[in-house]
Every structure is written in structure tokens, then in C-alpha cells.
Amino acid sequence: MNSNSVSAVQVLVTAYKDALHLADANGDMPLHSACCNKTQTAEEIVQAVLDAAPDVAQVAGQYGRLSLHATCMNISAASAVQVVVMAYKEALHLADENGDKPLHLACRNKTQAAEEIVKAVLEAAPGIAQTAGFHGRLPLHVACMNSNSVSAVQVLVTAYKEALHMVDANGDM
């Protein structure tokens with residue numbers, strides 16, 4: 001762990017706590033940005049921001065995405081997903097502007113943690129693999145189209161095998 005990165009975030013939070021509630025030009029809060037962190041200190045940085053402003057986990061940013069959406073799609077630590085889930089568990093069942101829930105976005109995660117992130121979401125929200133998103137796509141459809149993790153796809157097949165025979169709104173399997 002690089003404690004300097006976490007310390008720097010903590011210093012900034014202490015110096016200007018109000019900044020945690022200010023959106024950037026895209027409508028994203030600092031928590032959304034922290035949730036895109038791909039470093040080894042990602043979990044600690046997300047936790048530091050959440051400790052200072054836990055209410056921000058409920059704020060939608062660009063594309064109507066909550067911090068959990070951003071975490072699932074971008075972060076490289078499944079433990080950070082668990083931290084954000086604990087801050088706002090209801091987010092697991094909330095869709096962005098496209099109709100995608102956090103699991104759909106986890107299926108686009110291209111980090112080495114993709115499988116563990118998919119598992120973390122499924123453990124926190126059993127049955128969510130059966131939920132259609134954008135274009136009627138199930139998480140398995142999204143993973144087959146976007147993931148670079150065969151094991152994440154296998155986890156989804158195990159979670160909802162029937163998805164192998166289901167079509168999306170375009171008629172694609």
C-alpha cells in the first residue's frame with residue numbers, strides 16, 4: 001500500500017471538505033473519480049472519501065451513474081466494490097440512464113479483478129444476473145461482448161445458466 005497517496009487524499013479532504021460535494025463539468029463528484037482509481041490504494045482512497053462524505057454515494061453523476069456504477073466498471077479492487085456497497089446497498093438495484101445496473105457495468109470491467117468484482121456484486125445481490133439492462137441485455141450478454149475475463153463469464157453462467165438461451169432486444173443471444 002502506498003500510504004502517501006491515501007495521506008494526500010486525507011490532507012485534501014481536511015483542507016477543503018466542501019469539495020467532496022462539488023460536481024465536475026460532467027456532473028461527477030470526487031467519489032466518482034475515486035471509484036475509477038486503478039492503483040493499489042484504490043480501496044483506501046474510496047474509503048477516505050466515503051468516511052468524509054458518505055451521503056455522496058447516493059448522488060448520480062454523468063449518465064445517471066452512481067459511485068457503485070463507476071466502481072464496478074473501472075476499479076481494480078473488488079474490496080473497493082464492497083466498501084461502496086456498504087455505503088449504499090440500494091445502488092445494486094438502481095439503473096443508470098441506459099438502464100444498466102452495477103452488475104452490467106462490472107461486466108465491462110477490463111482489469112485483472114473483473115471476476116472478483118462480478119462475484120462481489122452477485123454475492124451482494126443474488127438474482128441480479130437475471131436483470132435486463134440496455135437493449136434488453138442480461139449481464140451475461142454484456143460480459144460476452146465486453147469482458148476480457150473468461151472466468152467472469154463463467155461466474156455469470158453459473159449464476160444464471162438460462163441466460164445462455166435468452167436473446168436481447170435485438171434478437172441476439
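Leaving aside its neighbours within four places in sequence, which residues is V46 in contact with? The structure here is a predicted model, so local features need pLDDT of at least 70 and side-chain atom pairs count only at pLDDT 80 or more, while totals for chains, interfaces and linings use all residues. Residues are numbered from 1 along each chain as its sequence is written, and side-chain values use heavy atoms, with hydrogens and water left out.

Back to V46: beyond those sequence neighbours, its partners are L31, A34, C35, I75, V83 and V84, where contact means heavy atoms within 4.5 Å. V46 also turns up in the largest nonpolar core, a group of 55 residues in which V46, V81 and L103 touch the most other members. Helix α3 (residues 42-52) gives this core its largest share, seven residues. A nonpolar core is a set of buried Ala, Val, Leu, Ile, Met, Phe, Trp, Tyr and Cys residues joined through side-chain atoms within 4.5 Å. Buried stands for under 20% relative accessible area, exposed for over 50%, and partly exposed for anything in between (1.4 Å probe, protein chains only).

Next up is V121, which sits in helix α7. Helices (H or I, at least four residues) and strands (E, at least two) are DSSP runs, numbered from the N terminus. V121 is buried, because its relative accessible area is 1%. Setting aside neighbours within four places in sequence, V121 is in contact with C72, V81, L92, L103 and I128.

T131, in turn, lies in the loop between α7 (114-124) and α8 (139-146). T131 counts as buried because its relative accessible area is 19%.
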